[in-house]
Amino acid sequence: MPNVVVTARLWVKDARFADFEAFEARAFQIMARHGAEIVLIEQDHAQVLRDGPHETHVLRFPSREAFDAYRVDPELLEMSNLRAACILRTEVSLRQE
């Protein structure tokens, strides 16, 4: 089964970076349980929302099934209120390796 590379571009709401970092730390722990590895994180917290994402994450999952399982993980779903409070917009793209 081919790896799946996920690129997530994230815009943080109203400079709520502390809440975003709390969400992100927990989300990365959940991803790891599904076999994901962080390939790259680019941050630009200084820019304004219209100029582009505040963070771009490149992640590698062992399969599409592992990525899908992460997305419906009950612990991740429990964090939906925190996610909604701090993330304005997300763009996700997938590609197989």
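Are F61 and Y70 buried or exposed? I looked this up first, and both F61 and Y70 are buried (under 20% relative accessible area, with exposed over 50% and partly exposed in between; 1.4 Å probe, protein chains only).

A note on the ground rules: this is a predicted model, where local features need pLDDT of at least 70, side-chain atom pairs count only at pLDDT 80 or more, and totals for chains, interfaces and linings use all residues. Residues are numbered from 1 along each chain as its sequence is written, and side-chain values use heavy atoms, without hydrogens and water.

**Rings.** I searched for pairs of Phe, Tyr and Trp rings (six-membered ring for Trp) with centres within 6.5 Å, calling planes under 30 degrees apart stacked, over 60 edge-to-face and the rest tilted. The count comes to two aromatic pairs. F61 and F67 have ring centres 5.3 Å apart and planes at 75°, so I logged them as edge-to-face. F67 and F61 are both buried. For F61 and Y70 the centres are 5.8 Å apart and the planes at 40°, so this pair is tilted. Together, ring pairs link F61, F67 and Y70 into a cluster.

**Around F61.** Beyond its neighbours within four places in sequence, I found F61 in contact (heavy atoms within 4.5 Å) with residues including V6, M31, H34, F67 and Y70.
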